[in-house]
Amino acid sequence: MRVLSFIPAFLLAAASFVAAAPTAPSGAPSCTSGTGSGNDAALQPIITIIANATAHIQPLSAQLSGLSGDSCTPDAVSGIVVQITAVVSTCVTQLQAAAEVDLTGLDLTSLCATIYGLLTLVFAVLQTVVAIVLFLAGGAVGTVQVVVTNLLNAVLALVGCLNIFVVASLSGVLGPVLALVCGVVDLLLGIVAGLSVLVGVN
């Protein structure tokens, strides 16, 4: 209780926010354009970009969630978050530079599952970051605040990029699965908003 006594009220509110946040469902969704033909060659550049980002973030996420006690220092947290931010930013840059694809008649199963996988992973990373900032309390001010702010900006760019891509290109095709993916996007935006309050991001 003595430890909690110096934690500002907004940190305690954030703790309640994390506890109340629903856990992203496990397992990739299934969606096709209706034919399920496996015809997705034109989508492979997009799928590869997203899959590569996921593959690079997974071990970093594990490192981040593995921090505890004396190992959970501002320097350790900052080092991992900086790497995650770099991966997310690179993914956004590559997606923005990717050629537009006409999705008519294409099998969207892999694209949908890959987008879903990245979003749920980033969602988990943000939950971990919230918990870490709560743990560090006053230690989160300074370097950690800067790197978390940079991560938030990168995540907002990623969510915006994927949201625009999904809504503009796949609306009316994915049906319920599109709603599920967008639901994860909404959760990410909610976590980002909570983190913004937590570290004083305007």
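How many helices and how many strands does the secondary structure of the chain come to? The answer is 6 helices and 0 strands, where helices (H or I, at least four residues) and strands (E, at least two) are DSSP runs numbered from the N terminus. Welcome to a predicted model, in which local features need pLDDT of at least 70, side-chain atom pairs count only at pLDDT 80 or more, and totals for chains, interfaces and linings use all residues. Residues are numbered from 1 along each chain as its sequence is written, and side-chain values use heavy atoms, with hydrogens and water left out.

**The chain as a whole**

- Read along the sequence, the pattern is α-α-α-α-α-α.
- Of the chain's 202 residues, 43% count as buried; buried means under 20% relative accessible area, exposed over 50%, and partly exposed in between (1.4 Å probe, protein chains only).
- Among contacts with a separation of 6 or more, 89% join residues 24 or more positions apart; a contact means heavy atoms within 4.5 Å.

**The largest nonpolar core**

- A nonpolar core is a set of buried Ala, Val, Leu, Ile, Met, Phe, Trp, Tyr and Cys residues joined through side-chain atoms within 4.5 Å.
- The largest one has 45 residues, and Ile-57, Leu-64, Ile-84, Leu-95, Leu-118 and Leu-158 touch the most other members.
- At least two residues of this core come from each of H2 (44–65), H3 (74–97), H4 (109–136) and H5 (143–170).
- H4 gives the largest share, 12 residues.
- Leaving aside residues up to four places away in sequence, Leu-95 touches Ile-46, Ile-49, Ile-50, Leu-158, Cys-161 and Leu-162.

**How H2 meets H4**

- The two helices pack at an angle of about 25°, with their axes 9 Å apart; axes are lines fitted to C-alpha atoms, for helices over the stretch in contact, and angles run from 0 to 180 degrees between N-to-C directions.
- H2 is therefore roughly parallel to H4, since angles under 35 degrees count as roughly parallel, over 145 as roughly antiparallel, 65 to 115 as roughly perpendicular and the rest as oblique.
- Residues of H2 in this contact include Ile-57 and Leu-64, while those of H4 include Leu-118 and Leu-121.
- The contact has 15 nonpolar, 8 polar and no charged residues; Ala, Val, Leu, Ile, Met, Phe, Trp, Tyr, Cys and Pro count as nonpolar, Asp, Glu, Lys and Arg as charged, and the others, Gly among them, as polar.

**A look at Ser-78**

- Ser-78 lies in helix H3 and counts as buried because its relative accessibility is 6%.
- Not counting residues up to four places away in sequence, Ser-78 touches Thr-143, Val-144 and Val-147.
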